[in-house]
Amino acid sequence: MTKQLTQAEIVRKSLKKRYRKEKRFRAYGILAIAIALSALLILFTDIIGKGYSGFMKTSLNLEVVLDGEVMYLDDPTDPRQVKMADFVEPLVRALMREIPNATDANREAVRKLINPYASADLRDALKENPEWLNTTRKMSFLAHSDVDVYSKHAGDKAYSIKLSPQQQEWVNMLKDKGVIETSFNDVFFKGGDSRDPAKAGIMGAVVGSLLTMFVTLVLSFPIGVAAAIYLEEFAPKNRLTDFIEVNINNLAAVPSIIFGLLGLAVFINLFGMPRSVPVVGGMVLTLMTLPTIIISSRAAIKSVPPSIREAAEGIGASKMQVVLHHVLPLAMPGMLTGSIIGMAQALGETAPLLLIGMVAFIVDVPGGFFDSATVLPVQVFLWAGSPELAFIERASAAIMVLLSFLIGMNALAIWLRKRLERRW
């Protein structure tokens, strides 16, 4: 009896010890999740804190006297006159009229409050509306990037203010008068890259990303699905197929920059294809995405119960009919999910695209698959390495746009999986 009681006590102590270990393990899991969520929160807080101001622009609202004598312009439709005309002087005079204590000695300091591209905007407006010549117009122009930084980040130690004390006083006065105002930055979503931060936009990078992703999808999805179907349904089980399967699994773990080197050597150096175009970028990303699509597609095919194949074969269907009419439709949700996740991974890649020249400074929005282009991750890379501090918020804002695309693609994959999945 004493021995049985002792064994019972031993069992109870063992259970208590086991329960304590389980509680500790659960606590470690909760702690790990808390650390991961904290790191994610810090990341998003830093990006949003630096990037939200990138969605705002600083503008000058001026009454501009479009005096032909001042601009040395008689006919805005004459290209030669337009080329020789002075479109800066009307802007400087309009701004000086808004600053009561500004004199001719301050002309250069006043001019530096105006964005260098404002004269080009005025020129384009006159070319489109020649009847405006010798009239007075209320017009809005981008302020200089230094004014933009001061208006958004005055007092922030992370940003150095390049305006002189007098210029800062003028800016404060003009803001009180409503001449300088901050509004939604539509320029950021309409234009391409620019040397001037206030004029820089992501439209060129977004279009380049979409064109590159389209090429990647068109090439990688059918090739990946066909390869998965052959390996899973038709390929004989021998050393060759084992060798292929091992290499596909290994390729999924290869650093992405290796695919960039392969694309540089094969597509550009061997076949002579142009650099920095969406077609080449899409082909390089196809090489990187194929292993992911093949692996996920094979897993989806394996998940189809053998009874489906047996039932189809039992009513006289051929092997090809079994695969195309029964297995493939049931495996398609998993294939689509894996493909979307692979595409999302490719969308965030930078290293392979740097090697094929998509790091070039591209001002124009690409109009086709063979036009020079860049992509969002490369655009972020370029802005983050720029010496201009005003590009910090542009880079963070572009990261927010890129994260929105990635979150949207992953959400689409989850929705498709929930919407189309079958339970056997």
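Which residues in H12 meet which residues in H13?

1. Basis of the note. This is a predicted model, in which local features need pLDDT of at least 70 and side-chain atom pairs count only at pLDDT 80 or more, while totals for chains, interfaces and linings use all residues. Residues are numbered from 1 along each chain as its sequence is written, and side-chain values use heavy atoms, with hydrogens and water left out.

2. Contact of H12 with H13. From H12, the residues Ser 256, Phe 259, Gly 260, Leu 262, Gly 263, Phe 267 and Ile 268 meet Val 280, Met 283, Val 284, Leu 287 and Met 288 in H13; contact means heavy atoms within 4.5 Å. By class, this contact has nine nonpolar, three polar and no charged residues. Here Ala, Val, Leu, Ile, Met, Phe, Trp, Tyr, Cys and Pro count as nonpolar, Asp, Glu, Lys and Arg as charged, and the others, Gly among them, as polar. Helices (H or I, at least four residues) and strands (E, at least two) are DSSP runs, numbered from the N terminus.

3. Geometry of H12 and H13. Helix H12 spans residues 256–270 and helix H13 residues 278–302; their axes come within 9 Å and cross at roughly 130°. That angle makes H12 oblique to H13. Axes are lines fitted to C-alpha atoms, for helices over the stretch in contact, and angles run from 0 to 180 degrees between N-to-C directions. Angles under 35 degrees count as roughly parallel, over 145 as roughly antiparallel, 65 to 115 as roughly perpendicular and the rest as oblique. The crossing of H12 and H13 is right-handed, that is, the near helix is turned clockwise from the far one by less than a right angle.

4. H13 against H15. H13 also packs with helix H15 (residues 319–347), at an angle of about 150° and with the axes 8 Å apart. H13 and H15 are therefore roughly antiparallel, and H13 passes H15 in a right-handed crossing. The contact includes Met 288, Thr 292 and Ser 296 of H13, and Ala 331, Gly 338 and Gly 342 of H15. By class, the contact of H13 with H15 has ten nonpolar, nine polar and no charged residues.

5. H7 against H8. The axes of helix H7 (residues 145–153) and helix H8 (residues 165–177) come within 11 Å and cross at roughly 70°. The two helices are therefore roughly perpendicular to each other, and their crossing is right-handed. Val 147, Tyr 150 and Ser 151 of H7 make the contact with Gln 168, Val 171, Asn 172 and Lys 175 of H8. By class, the residues are three nonpolar, three polar and one charged.

6. The sheet. Three strands form an open sheet in the order S2-S1-S3, with antiparallel pairing; two strands pair if DSSP finds at least two bridges between them. Strand S2 (136–142) and strand S3 (180–184) are the edge strands, each pairing on one side only. Neighbouring strands are turned by 35° against each other on average, direction ignored. Strand S1 (residues 56–65) is joined to S3 by five bridges, and Ser 59 stands opposite Glu 181 in S3. Helix H4 (residues 89–97) packs on the sheet, touching S1 and S2, and its direction makes about 95° with that of S1.

7. Salt bridges. The count comes to 19 salt bridges, each a side-chain nitrogen of Lys or Arg within 4 Å of a carboxyl oxygen of Asp or Glu. One of them joins Glu 22 to Arg 26, with the closest N and O atoms 3.2 Å apart. Both residues lie in helix H1 (residues 2–51), four residues apart, about one turn of the helix.
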